[in-house]
Amino acid sequence: MFGRTITRQLSPTALRRSLSTTSGSRLKINSDRLLETLHSTCEWGAAHRYGEGPTETGMARLCLTDDDAKVRRWLQDEAEKLGCMVTIDQMGNMFARQQGSLGSPAPMTAMGSHLDTQPRGGRYDGILGVLAALEVLRTMKEHGFRTNYDIGLVNWTNEEGARFPKSMCSSGVWAGAIPVESAWGLTDIFNPAVTLRSELERHGFFGQVACSNDPATGYPLGAHFELHIEQGPILEEAGKSVGVVRGAQGYRWLTITVAGRDAHTGTTPLAARRDPVLAASKMIVASNVVAKKYGALASTGVMKLPRSSSTNTVASDVTFTLDIRHSQDRIVHAVQDESLQAFADIAHEDGKGVSFDWTLDTDSAAVEFDETCIKAVQDAATHLVGADQWMEVTSGAGHDSVYTSRHCPTAMIFVPCKEGVSHHPEEYCSPADCALGTQTLLEAVVNYDRRRE
Ligand SMILES: [Zn+2]
């Protein structure tokens with residue numbers, strides 16, 4: 001009686017929502033099917049065998065190669081079998097859309113990632129996210145479950161930037177951050193006669209719709225959820241099974257040039273030198289000390305000496321890079337400022353001193369994902385593993401979600417990968433973690449769908 005009273009008071013929309021709430025929590029993904037699909041489709045691009053087992057290979061499925069085209073066509077077929085409408089845009093991004101029960105024209109809630117890999121990549125980076133999305137759609141279809149709003153999957157083109165050197169390339173175009181002409185014009189690093197656009201056309205993936213989030217010309221999204229392997233050791237070391245990603249680190253890349261003076265190493269006393277290599281070395285150490293103090297990251301990946309440098313000559317100059325990262329922009333800035341102050345002191349410390357100059361090459365602001373999406377993931381994770389088995393993390397790597405977050409509510413789910421190894425043939429995510437991540441994705445999008453206005 002009580003239940004009927006409540007039911008009568010609910011609007012048709014709210015009633016449909018309460019019904020889908022009940023059935024949504026009972027949906028369980030099929031982990032055998034997920035794993036079978038993942039490994040069988042990895043036959044397109046399998047490479048770098050490292051063990052005896054049938055799945056013990058890495059992947060070399062570079063963007064828009066014949067193998068990539070095969071898995072794309074397969075994905076399109078599978079999505080269409082589920083009754084999805086598949087749309088391909090002019091960067092080859094694939095959108096598969098399942099209609100929601102409200103018949104709303106609002107953009108779909110998307111589950112996206114990428115099917116392309118590094119030349120020596122693994123079976124999980126990106127691939128897990130797309131195939132988990134397919135498994136979620138299959139599970140919903142199988143159980144006759146419909147979300148309120150349209151829901152679907154996205155396969156973003158050229159996330160890795162390995163063959164056509166621009167990472168997160170097509171989500172970047174979609175977000176308006178990368179001009180489409182420059183993306184089309186990217187040339188194959190192995191064959192300059194081949195462009196990304198010519199490969200899109202060769203494989204029939206140059207779609208009709210503009211690659212844009214603009215509702216008038218492109219394919220806007222209502223939200224974007226991405227399941228991805230962590231690609232780092234934090235979850236495994238903390239003994240947690242799910243990472244709720246709050247955002248992505250901000251980073252700044254600097255190039256520092258230190259100028260000294262060539263001098264004979266045997267005849268020039270230390271006090272008479274202007275030694276740029278000594279100063280640069282101390283600067284790198286100092287940046288590490290500053291970063292540690294703030295809990296940030298500072299790294300030097302490139303150090304260049306003049307071609308004419310020799311063992312018995314103090315070098316004339318040296319250039320090094322500095323990559324500073326933290327989840328908060330103000331910390332990135334503080335590490336930069338304190339490091340540069342330390343560099344100024346170091347420049348006077350030894351001999352007759354050196355001079356230095358610096359340039360800011362890249363400034364990428366920290367990204368904070370959407371609170372409602374994050375909450376949808378948190379609730380899913382708490383339901384599945386309990387509040388003490390998941391943790392909040394910040395992504396250290398770039399992902400398509402970083403670009404989507406500029407134009408639609410976005411969140412990511414991380415699952416652990418063995419020893420944090422990624423971009424390597426032995427990259428490994430256990431079947432249980434693949435399944436848990438996929439179930440978390442399902443429950444997160446259902447949670448979000450219920451809360452969508
Ligand atoms: Zn990836």
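Student: In this predicted model, at what angle do helix α3 and helix α14 pack?

Tutor: Helix α3 covers residues 31-41 and helix α14 covers residues 431-451. Their axes lie 10 Å apart, and the helices pack at an angle of about 110°.

Student: Is α3 roughly parallel or roughly perpendicular to α14?

Tutor: Angles of 65 to 115 degrees count as roughly perpendicular. The two helices pack at about 110°. That angle makes the arrangement of α3 relative to α14 roughly perpendicular.

Student: Which residues of α14 make the contact with α3?

Tutor: On the side of α3, the contact is made by Ser31, Leu34 and Leu35. The residues of this contact divide into five nonpolar, two polar and no charged. From α14, the contributing residues are Pro431, Cys434, Ala435 and Thr438.

Student: Which residues are the protein donors of the zinc ion?

Tutor: The donor atoms lie 2.0 to 2.2 Å from the zinc ion. In sequence, the donor residues follow the spacing H-x10-D-x102-H. Named with their atoms, the donors are His114 (NE2), Asp125 (OD) and His228 (NE2).

Student: How many residues apart in sequence are the parts that His114 and His228 tie together?

Tutor: His114 lies in the loop between β5 (109-113) and α5 (127-142), whereas His228 lies in strand β9 (residues 223-229). The pair therefore ties together parts of the chain whose separation in sequence is 114 residues.

Student: Are His114 and His228 buried or exposed?

Tutor: Buried means under 20% relative accessible area. His114 falls in this class, as does His228, and the term for both is buried.

Student: Why is the pair of Phe95 and Tyr219 described as stacked?

Tutor: The count of aromatic pairs comes to 10. For Phe95 and Tyr219, the ring centres are 4.2 Å apart. Planes under 30 degrees apart count as stacked. The planes of these two rings stand at 20°, so the pair is stacked.

Student: Where do Phe95 and Tyr219 lie in the chain?

Tutor: Both residues are buried. The pair links distant parts of the chain, 124 residues apart. Phe95 is in strand β4 (residues 94-98), and Tyr219 is in the loop between α8 (196-203) and β9.

Student: What is the arrangement of the rings of Phe320 and Phe343?

Tutor: Phe320 belongs to strand β16 (residues 317-326) and Phe343 to helix α11 (residues 329-346). Both Phe320 and Phe343 are buried. Their ring centres are 6.1 Å apart and their planes stand at 70°, so the pair is edge-to-face.

Student: Which residues do ring pairs link into a cluster with Phe95?

Tutor: Phe95 and Tyr219 form a stacked pair. The cluster linked by ring pairs contains Phe95 together with Trp156, Trp174 and Tyr219.

Definitions and conventions:
Residues numbered from 1 in each chain as written. Predicted model: local features only at pLDDT ≥ 70, side-chain atom pairs only at ≥ 80, totals over all residues. Heavy atoms only, no water. Axes fitted to C-alpha atoms, helices over the stretch in contact; angles between N-to-C directions. Helix = DSSP H or I, 4+ residues; strand = E, 2+ residues; numbered from the N terminus. Parallel < 35°, antiparallel > 145°, perpendicular 65-115°, else oblique. Contact = heavy atoms within 4.5 Å. Nonpolar A, V, L, I, M, F, W, Y, C, P; charged D, E, K, R; others polar. Donors = N, O, S within 2.8 Å, 3.2 Å for Na, K, Ca; no water. Buried < 20%, exposed > 50% of the residue type's maximum accessible area, 1.4 Å probe, protein only. Phe/Tyr/Trp six-rings, centres within 6.5 Å; stacked < 30°, edge-to-face > 60°.
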